[in-house]
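Open the model in your viewer and keep the selection tool ready.

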Amino acid sequence: MIDYDSFLSKAGAGMQGSAIRKMGVVAAGIPDIISFAPGYPDPAVFAWSEFRDITAELLSGTHVNALQYGPTRGYKPLLEALPVILASRGIRAGAEELLVTTGSQQGLDLMARILCDPGDVVIVELPAYTGAIAAFRDVQAELVGVRQEHDGIDLGDLEAVIVRERAAGKRVNCVYVVPNFQNPTGALISLEKRRGLLDIASRHHLLIIEDDPYGDLYFGENQAHLTRPIKADDAEGRVVYLSSFSKTLAPGFRVAWIVAPSSLAARLDVAKQAADLCTGSLDQRIVYE
C-alpha cells in the first residue's frame with residue numbers, strides 16, 4: 001500500500017475540511033431537517049421561471065460566446081454594472097479595481113495567496129467565519145483572534161493584538177472582518193467602530209479585508225447607514241471589499257466580486273488565472289441578465 005501522505009507538501013498535509021461543508025452533507029442526508037448551520041436558502045424563493053427564460057435565451061444559439069472562455073476579470077457587461085451596485089452602497093470603483101470571482105470563497109483564497117507567507121499573522125474576529133479560517137490556514141498563515149462586543153470587534157483589543165504580535169517579530173499586514181451580520185455571531189459593527197477600524201488600519205499600516213455578503217439582507221426601511229460598508233469611507237485605499245450574488249439571487253451560480261486597489265487587483269487577476277482562468281461565463285451572463 002502506497003503511503004500517499006509522504007508525497008504531500010506541508011500545506012497539503014495541513015489542510016482541513018470546511019465545517020460548513022460537513023454540516024451541509026449532514027443536512028442533505030436528513031430530508032426533514034431545516035438547518036441554519038450551512039446558510040442554505042429555501043429553494044422555493046429562487047426565481048425559477050426567470051432563470052429558466054434567461055437560460056433558454058442564452059442557449060438559443062444566438063449568443064455564441066455564452067459557453068466560451070471569458071476574460072479573467074469577468075464578463076464585461078457585468079463588470080460595467082457592478083459600479084452601479086457599489087454606488088448604492090456608497091462605494092466608488094473603476095474597472096481597474098474590479099474582479100469577478102467564483103464565489104466570495106475564491107476571493108478569500110486569492111487574497112490569502114497574494115498577501116500571506118507561511119507564519120504571517122492574519123487578525124480575525126473571535127469567533128470568525130470558518131471559510132476564511134480555511135483560506136488563511138491553507139497558506140500556513142497564523143490566525144490571531146480579537147474579541148467582539150455587542151457592536152462588533154473590540155477596537156482596544158485589536159490595537160493591543162497588533163502591537164503584541166509585531167513586538168514578537170511577526171508580520172501583521174491585514175485584518176479580516178464581516179461587518180454586516182457577522183458569521184457566525186450575527187453582530188453588526190457600529191458605524192463608529194467602522195471608522196475606528198479605518199483609523200487603526202491607517203496608523204498601523206494595515207489592510208482591511210471586508211467580507212460583505214449579507215449587507216443587502218437587512219430588513220427595515222431607511223437603515224442603509226447601519227450597513228454602510230467600511231470601504232465607503234476608505235480614503236486611503238486600505239480596504240479590499242468582497243461581496244456576492246449568492247445571498248440575493250442563488251448560491252449555485254458562484255458569482256461574486258472583489259473591489260481592490262488597482263495594483264492589488266492586477267495581482268489577484270494573475271492569481272485567478274492559475275486557479276480557474278475565469279469564472280463560468282454562463283453563470284455570469286445569467287446573473288447579469
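A residue is called buried under 20% relative accessible area, exposed over 50%, and partly exposed in between (1.4 Å probe, protein chains only). Strands (E, at least two residues) and helices (H or I, at least four) are DSSP runs, numbered from the N terminus. This is a predicted model: local features need pLDDT of at least 70, side-chain atom pairs count only at pLDDT 80 or more, and totals for chains, interfaces and linings use all residues. Residues are numbered from 1 along each chain as its sequence is written, and side-chain values use heavy atoms, with hydrogens and water left out.

Select strand β7, residues 207–211. Here 5 of its 5 residues are buried. L207, I209 and D211 point one way, while I208 and E210 point the other way. In a regular strand the side chains alternate between the two faces of the sheet.

Find Y176: its bridge partner in β7 is I209. Follow the chain from β6 through helix α8 (residues 191–203) to β7. This β-α-β crossover is right-handed: with the strands pointing away from the viewer, the path from the first strand over the helix to the second runs clockwise.

Next, select strand β8, residues 239–244. β8 also pairs with β7 in the parallel sense, over 4 bridges. D211 has its bridge partner L242 in β8.

Last stop: D269 in helix α9, residues 262–275. Is D269 buried or exposed? D269 counts as buried because its relative accessibility is 12%.

Key:
Two strands pair if DSSP finds at least two bridges between them.
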